[in-house]
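Trainee: Please take me closely through the strand pairing in this model and what surrounds it. I would like each cut-off stated as you go.

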Amino acid sequence: MKILVCVTSVPDTTTKITFTDNNTKLNKAGVTFITGPYDDYALARAVELKEKTGATITVLNVGEADSEPVIRKCLAIGADDAIRVNAEPTDAYFVAEQIAAIAKENSYDLILMGRESIDYNGGQVHGIVGEMLGIPSISPVMLLDLDGDTAKITREIEGGKESLEAKLPLVLGCQEPIAEWKIPNMRGIMTARTKPLKVVEPTGTDKLSTVASYELPAPRGAVKMIPADAAETLIQLLHTEAKVI
Amino acid sequence: MSVLIFAELDEGKLKKSSQEAIFYGAKVAEMLGTSATAIIAGAADNTELASAGKFGATKVLHATDAKLNEPNGMAYATVVAAAAQQEGSKVIVLAKSSLADAMTARLAGKLKAGLAANVIELPNVSNGFVVKSSIYTGKAFAFNDLKADIKILAIKKNTITPEEKDASAAVEAFTPTLNEADFAISVKSTEKSSGDILLPEADFVVSAGRGLKGPENWSVVEDLAKALHAATACSKPVSDLDWRPHSEHVGQTGLKISPNLYIACGISGAIQHLAGVNSSKVIVVINKDADAPFFKSADYGIVGDVFDVLPRLTKAVQAL
């Protein structure tokens, strides 16, 4: 059983986002980068499967050198080796191309990743990878169990969930509650330092989209407070002032 | 060359978000000097399909194969790709949804298309093809320059307000060749709360957090939601505690919604929660703690006990 877990290195969820260079670059000053929270779920489930079935886990990141701390942390949590494709991950198709190229060389049984990265929120890479490899893709996956080469999956749908079955190999976009996030222990951190991390250059140069510039949302106006003993006024204001109801 | 819109059905009816997508697609078609065609898969009657015309589509391709009656992202991608090829479409528009997400990614892979997700405005076609989208979970926007020959725009709810006109679309049956491989995933069972307003589609949302103290207290939330015809939502701790289903969880790791009105009850407003709701048009916060950070991001606030305030709001709505 070979599992590929694709991870992103993204600003911590509490980050206040700002931009530099005339709004063309993320201001990384003072920003803590973390493993994408959804990717963390994918990795945690992979580690559980490894503990149960003896799988090997390769972590893959499409990113620049500054994403290596995130990759090392994934190794500390339980991945066996890692590959970094040395490129800025700005375009979903481009990132998918890199993942597909690595997957074609190594034929994984499962390719897991988060349902979306929390920077661009596209939620598309797993599907494009599936298409490129000609195998099914499923997202967002809440539960994953294996029975031989059949995956039993629960996926969230609007207003509920559905139970699915499909044969491996599969590409899955994961989310809670597929597994509990794992925290690396000291032994994991020590061994992670010597686990192999291979850096490869990207294949293809198809960036089908680029970001011309960024913008921050306009701040909301001041909050209008309504005394609790006149709570009914709120409904009037929503009706006559905000005109939303 | 027409702009192609992937429109979804919910129990045989055109989804509200798809009406928005059709209207948006028709506007883009106008900008490009072409027409708008909708591609719809699954069972629906002709009157319903033709109603796409009200929102600006002149033609509807109806994929009638019974195998498509169950939503299937992979098979729908095959259908939409075939439709795009038949129509020579260079721009494909759809509304974000769990089905659309699954379909779009496969489609982008098939067509090698430039893709912008969470689009919130009409594109600027004066110099290239630039679309504004929401990124960093609503904390910022990006102006995406789509360079590929074929472009896919996945629009967020409330990107555009559809205006209806008195027109109907010509409906044509569409029967592309389906791939057996697209049916490799078998659906064993589906659990769906029926009759409720779907959260991602809802114009109004009443949401509650740990301030409600327990799942048995949700009736005050549900009553207000019912009076407003709103969907109910919840914070992450509430879904983690299993007080409410995960499909109601809004925030950084849950659904990102953009309704006209979001009422947060007993939710303190952690930045991760705000990320999922900050593109709502109007935000109301009700919390007994005057220092709850959420008040800073709200349009209207009430410092008070939700068990006192909510029933009074419900009555006031009923009296409107």
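**Strand pairing and the chain contact**

Mentor: Start with B:Val285: its bridge partner in β17(B) is B:Gly301. This is a predicted model, in which local features need pLDDT of at least 70 and side-chain atom pairs pLDDT 80 or more, while totals for chains, interfaces and linings use all residues. Residues are numbered from 1 along each chain as written, chains are lettered from A and ligands numbered from 1 in the order written, and side-chain values use heavy atoms, without hydrogens or water.

B:Gly301 is also the bridge partner of A:Met225. Strand β17 (residues 300–303) of chain B runs parallel to strand β15 (residues 224–225) of chain A, with two bridges between them. Within chain B, β17(B) runs parallel to strand β16 (residues 282–287), and four bridges join them. Strands pair here if DSSP finds at least two bridges between them. Strands (E, at least two residues) and helices (H or I, at least four) are DSSP runs, numbered from the N terminus.

Now the whole contact. Chain B puts in 83 residues and chain A 75, with contact meaning heavy atoms within 4.5 Å. The buried area is about 6900 Å², and carbon and sulfur atoms give 57% of that. Buried area is the accessible area (1.4 Å probe) lost by two parts on being put together, summed over both. B:Arg106, B:Tyr136 and B:Tyr300 supply 12% of what chain B buries against chain A, more than any other three residues.

Next, the polar side. There are 47 residue pairs in polar contact between chain B and chain A, both residues at pLDDT 80 or more. A polar contact is a pair of N or O atoms within 3.5 Å; within protein, one must be able to donate a hydrogen and the other to accept it, and residues adjacent in sequence count only if both atoms are side-chain atoms. Eight salt bridges cross the interface of chain B and chain A. A salt bridge puts a side-chain nitrogen of Lys or Arg within 4 Å of a carboxyl oxygen of Asp or Glu. One of them joins A:Glu131 to B:Lys110, with closest N and O atoms 3.0 Å apart. Helix α4 (residues 98–111) of chain B gives the most to the side of chain B that touches chain A, with eight residues.

Compare that with salt bridges inside the chains. Over all chains the structure holds 35. A:Arg45 pairs with A:Asp145 at 3.1 Å between the closest N and O atoms. A:Arg45 sits in helix α1 (residues 37–53) of chain A and A:Asp145 in strand β9 (residues 137–147) of chain A, so the pair links distant parts, 100 residues apart. A:Arg45 is buried at 8% relative accessible area, whereas A:Asp145, at 37%, is partly exposed. Buried means under 20%, exposed over 50%, partly exposed in between (1.4 Å probe, protein chains only). A:Arg45 and A:Asp145 also belong to a salt-bridge network with A:Glu48 and A:Lys182.

In chain B, the side chains of B:Lys157 and B:Asp203 meet at 2.9 Å, N to O. Their loops, β10 (151–155) to β11 and β12 to β13 (204–208), are tied together because of this pair, across 46 residues of sequence. B:Lys157 is buried at 13%. B:Asp203 is partly exposed at 22%.
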